[in-house]
Amino acid sequence: LGMADSTVLYPSLPQGSSDYRVYDKNYFRICSDVWPVTTCKTIPTFHPYPECTCVFGAWWDHLSDRYPISESGRCERIKTDNREKLEMKKIRNIDIDFIKVIACIGVVLLHTTMPGFKETRIWNYSSYLYYLGTYSIPLFFMVNGYLLLGKSEIKYSYILEKVKWILITVCSWNLIIWLLKRDFTANPVKKIAASLIQKGYFFQFWFFGSLILIYLCLPILKKILHSKRSYLYILSLLVVIGLIFELVNFLLQMPVQTYVIQTFRLWTWFFYYILGGLVAQFEIDNLKYIFKGWMKVVSMLLLLISPMILFFMAKTIYHNLFAEYFYDILLVKVISLGLFLTLLTLTIDSNKYKIIYFLSVQTMGVFIIHTYVMQIWQKFIGFNIVGAYLFFPIFTLIISFIIIMILMKIPYINRIVKL
C-alpha cells in the first residue's frame, strides 16, 4: 500500500476475516473486526504503488470497491465527526507532555515557596525550590514555540482560533470569580483586561497576554524564520538585548525590568519562543546524537547549582528577590535550553506514557486555579505548624490536580481548563 502514516485509523478486515498481520517498520496492523468501521474520525483512501500490489485479495477488493483510488499516489484523509477518538490514536511526543508537567510544577513552586524566605531573606530549602522554579516560564514558552514554529505553515485563521479560545478561557474564569466574590461594583471587563497585565483576579494570566501578542506575530515571524540561519540571527539579536539589560541591572544595582509589566517584556518571551522553534527544526534522533550524555550531566549540574547563584545575585546585585527579573540572564537561558533538550531527548518507559499524558492535559488548568488553592491553605491552615512551608507547595499541587481532574469531566467546563 502507498501508505506510511501509522497515525491514521485504518479500516478493518471484511466481516468474517481473521487475518492479523504486521507490515514493515510502521507496524501497520490490520486486525479482525466488523466491516466497516463506522466510528473512525478519518477514513483513508489507499493508493497502490506498483511495488505494493501483493495485497491479500478479499480485503483489497472490498476496500477498492468502497473507497476511490487517487492518481496522486498519496493517502488522503476524509474527516468525519468523531474527533476525540483520533486524538487518542495520534502518536504524541510524550517528552513534550513531560516538559509541560515539569513546567507546571515549577510555576507552583514559584508561587508557593516565596513565603518561606521573603521576610527573613535567608537561604533555606524554600529559597532553593523557589529559584529552581525559575525555569518553568522559559519551558512553557519553549514548548509553545516548539509546537507552533515546528509547523510548516501558520495561517491567521489558525492563530485567531487559538486567540479566541485564550480569550474565552480568560473571560470565563474572571467572570466565575467575579460572580463567586459578588464583586458587582467592579467592572468585569476591566477585571478581564487587568488579568492580562498581571493584575485583577488572576495575576498569572499575564502569560496569556504575552502569548496573544506573540501569536499575532507568528504568521509573519514564520516567513522570516525560513532557515536555521535566520533563527540564529534573530536569537543572537535577542541575546544581545538581554545582555544589555544584564549590564544595566548590574550598573544600577536593580532590575530595570521592574518598569515593564511582564506581559510586555516581549524581547525575553520571543527569545524563548523562537529558541523552542529552533529546536523543532531538528529531528529528535539528530538531537539525541548532537546533545551528548555529558551535556545532559552538565545541564543538570548547572540546574541544581543555579538557585544558589540566583539567590546571591538577588540579594547582592539586584536587591530584589523575585525570579522574574532573571529571565534575561545568559546563565538562565543556557540552563533553560539544556533542561529543555535533556527532557526532550529522554527515553521514557512506555509504561509511564499514560500517567504523563493524564497529568499533561491538566497542567493548564492547574496553572489557572492554583493561586486560589493557595488561598485555601492560607485561610484554613496557615504557616504556624511545623513543616508548613514544605507542605504548602505539595498541598497546592495535589489539590489543584484533583480539582482539575474533576472539572475535566464536566461538559463545557472542561473546555476552559485546557488550551
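Trainee: Let's start with R265: with which residue does R265 form a salt bridge?
Mentor: Happy to start there, keeping in mind that this is a predicted model. The closest N and O atoms of the pair are 3.0 Å apart, and a salt bridge needs a side-chain nitrogen of Lys or Arg within 4 Å of a carboxyl oxygen of Asp or Glu. The partner of R265 is E324.

Trainee: How many residues apart in sequence are the parts that R265 and E324 tie together?
Mentor: R265 lies in the loop between α9 (228–252) and α10 (266–279). E324 lies in the loop between α12 (293–318) and α13 (330–344), so the pair ties together parts separated in sequence by 59 residues.

Trainee: Is R265 buried or exposed?
Mentor: Buried means under 20% relative accessible area. R265 has a relative accessibility of 4%, so by that cut-off R265 is buried.

Trainee: And E324, is that residue buried or exposed?
Mentor: The relative accessibility of E324 is 19%. Since the cut-off for buried is under 20%, E324 counts as buried.

Trainee: Now for K164 and E161: which helix do they both lie in?
Mentor: Their side chains meet in a salt bridge, at 3.2 Å from N to O. The two residues are three apart, about one turn of the helix. That helix, residues 156–180, is α6.

Trainee: What is the N to O distance in the salt bridge of D349 with K352?
Mentor: D349 is partly exposed at 36% relative accessibility, and K352 is partly exposed at 42%. The cut-off for a salt bridge is within 4 Å, and the closest N and O atoms of this pair are apart by 3.9 Å.

Notes: Residues numbered from 1 in each chain as written. Predicted model: local features only at pLDDT ≥ 70, side-chain atom pairs only at ≥ 80, totals over all residues. Heavy atoms only, no water. Helix = DSSP H or I, 4+ residues; strand = E, 2+ residues; numbered from the N terminus. Buried < 20%, exposed > 50% of the residue type's maximum accessible area, 1.4 Å probe, protein only.
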